Amino acid sequence: MAAVARSIRPSAFRALAQRPLAPSLGAAPAFRFPRGTRSFSQSPLAQVKKYTESHEWIELADGSNIAKIGITKYAANSLGDVVFVELPEADLEVGAGEPVGAVESVKSASDVLSPVAGKVIRGNAVLEDDAKTINASAEGDGWIAEIEVADVAELDALLDEAAYNETLDH
Amino acid sequence: MSSVRLFKKSVDLVAARAAAFNAPRASIGSTVLRRELSSALRAAPRTPATRITVRAVIPQVRNQAARYASSSSEPLAKTQLYDLHQAHGAKMVPFAGYSMPLQYADLSHVESHAWTREKASLFDVSHMVQHQLSGPGALELLMKVSPSSLDKLAPNTSTLSCLLEQGTGGIIDDTVITRRGEDSFYFVTNAGRRAEDLAFLGAEIDAYRSRHGMDSIKWDILEDRALVALQGPLAASALQPLINTSASTASTDLSTLYFGQCRELYITLADGSASPSPLLISRTGYTGEDGFEISIPTSGAADLPEQVVNLLLKDSNTVRLAGLAARDSLRLEAGMCLYGHDISTAQTPPDAALGWVVGRDRRDAATATFNGASVILPQVASPKTLKQRRVGLTVEKGSPAREGAIVVDLADPANPVEVGVVTSGLPSPSLGGINIAMAYVKNGFHKKGTELGVKVRNKVRKATVVGMPWIESKFHRPS
């Protein structure tokens with residue numbers, strides 16, 4: 001319960017996120033791709049991207065233990081118009097399967113669970129002002145959190161794209 | 001956490017007795033402990049309080065598991081328009097024992113909501129239960145089970161009412177009752193309350209017949225009729241051209257059919273012929289917009305509902321299909337109650353701020369004969385005696401307060417005191433996403449402008465008591 005409570009304290013995070021492009025925020029893109037296109041802002045190289053049965057994705061920046069987490073396109077389509085995203089605050093320690101944010105549409109609210117253990121670097125400030133970015137680009141600009149992964153080997157146990165797609169109703 | 005659970009339990013006891021839903025929602029009684037995105041996507045049951053995960057997923061019958069425990073593998077019922085929904089790319093969800101459209105492929109939930117407010121939307125509400133009650137005892141029976149002044153109702157006019165439990169005056173269901181003739185009534189009840197309503201009405205009618213004879217009341221469930229709701233500012237202009245002027249005997253001018261009135265009218269089919277039977281067209285609805293509910297007979301023409309709907313959908317710039325998702329957000333903005341969420345057998349009409357359904361001339365204790373009058377009339381006379389009030393809340397920007405969220409008094413911010421619970425809530429599409437909610441709060445905290453808090457995921461958000469509706473109703477009334 002403590003972990004849940006800690007993850008759900010967005011006000012402190014907001015103060016952080018609203019700082020204009022602090023250097024510590026890393027490679028924030030100077031421009032943005034048009035909505036609906038895939039953003040490859042962090043690394044142009046092939047990356048490790050894995051999925052969970054609860055419709056999150058996690059993508060490791062090449063050769064590092066830094067990963068972005070978001071919800072899948074399928075999840076975004078199914079949830080419908082996203083109206084609010086609750087982002088995690090920096091330095092939050094999360095375990096695998098613990099909430100790292102929440103996505104609210106008009107009709108429902110869903111927790112976003114971290115696929116692996118790690119420490120939050122930042123939430124995606126873009127979503128503070130424009131939650132619909134998740135609908136436009138769930139697996140690109142609409143990422144939810146960037147985390148420092150505790151053990152990258154943990155990703156091995158997650159679903160690859162083909163295995164994830166098999167879990168979807170077609 | 002424990003207090004939350006206790007509170008939820010008390011709320012759910014009510015819900016367990018009252019399983020009705022116009023709009024989908026999920027079960028709190030679910031045994032599944034973890035339902036995150038995956039379950040939200042499947043419109044799955046609400047989670048228990050152990051882990052705060054998926055909150056208000058829209059549709060689903062809350063205690064479906066209980067009601068259909070022995071028949072969970074039974075296929076869901078389909079309305080007459082099921083194939084049409086499929087053809088329009090509907091996302092179908094289980095609702096009150098039916099497979100019903102949540103939304104359609106052409107519009108998102110928010111788009112469909114806006115479409116209804118700006119143009120016109122067509123909702124299939126054939127899952128709702130249509131009743132015909134007639135005979136010399138019909139009026140007396142209905143005036144026992146409801147507090148409305150039905151004897152003052154003119155033919156072909158209707159009123160929103162409640163079916164009341166004997167003794168307690170608890171709301172068994174909300175309903176719209178239409179007087180069709182001196183001794184003849186048509187009324188519509190919620191699909192999610194079908195079993196409870198039929199048992200209740202059956203017992204009341206049996207008791208009446210045992211005193212007045214079998215022929216005193218004739219009661220039919222109109223299984224052979226579909227029901228669609230056409231709602232929105234363009235509803236009348238979309239429907240008017242379909243009305244067949246030569247076959248219809250009543251006035252075919254819809255501009256003189258006002259809110260709460262109905263007419264039997266024929267429509268002109270695609271081949272130019274008149275429909276084989278008339279449609280019962282009522283100027284009413286549950287979105288706050290002008291519009292109609294259209295009861296369509298299928299006897300002798302099984303595909304008449306589909307024909308009518310296709311005619312209404314002919315101009316895709318005017319009328320689009322809409323599902324349960326939009327229906328729920330539209331009715332909440334209009335301040336309208338959803339049975340099983342905002343009202344239940346635990347509330348009398350005055351408890352639910354519906355005291356106005358009690359007819360003005362039915363408030364004399366000496367002559368009041370309706371169920372629960374001895375409980376309800378003192379409440380109407382002295383609202384101060386009510387323990388709790390149904391109110392509207394607007395909640396500060398951020399996560400919406402949804403059903404089950406605890407309302408707290410923030411007089412001492414360090415020590416918030418629980419004073420109520422949210423029964424419906426979402427970010428209002430018409431108000432640009434402002435969080436709105438219906439809630440029950442303790443008497444004394446119900447006045448407009450009262451500042452309260454609502455707990456959303458363990459964080460207290462500021463809320464203010466406001467008047468309802470949030471969106472003014474635009475009913476067509478005589479000017």
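Two residues are in contact if their C-beta atoms, placed from the backbone, lie within 7 Å. By this rule, 21 residues of domain 1 of chain B are in contact with 21 residues of domain 2 of chain B. The model is predicted: local features need pLDDT of at least 70, side-chain atom pairs count only at pLDDT 80 or more, and totals for chains, interfaces and linings use all residues. Residues are numbered from 1 along each chain as its sequence is written, and chains are lettered from A in the order in which they are written.

The bounds of the two domains come from an automatic or database domain assignment.

| Domain of chain B | Residues |
|---|---|
| domain 1 | 1-19 + 106-382 |
| domain 2 | 387-471 |

Taken over C-alpha atoms, the domain centres are 28 Å apart. On the side of domain 1 of chain B that touches domain 2 of chain B, α1 (2-17), α5 (109-118) and α10 (324-333) each supply at least two residues. Helices (H or I, at least four residues) and strands (E, at least two) are DSSP runs, numbered from the N terminus. The largest share of that side, five residues, comes from α1(B).

UniProt, in an unreviewed entry, places "domain: GCVT N-terminal" at residues 81-361 of chain B; positions follow the numbering used here, feature names are shortened, and annotations may be inferred rather than shown by experiment. Over residues 81-361 of chain B, the chain is 24% helix and 27% strand.

Ala301(B) lies in the loop between β12 (291-297) and α9 (304-312) of chain B. The C-alpha atoms of Ala301(B) and Pro276(B) are separated by 7.3 Å, with the two residues 25 apart along the chain.
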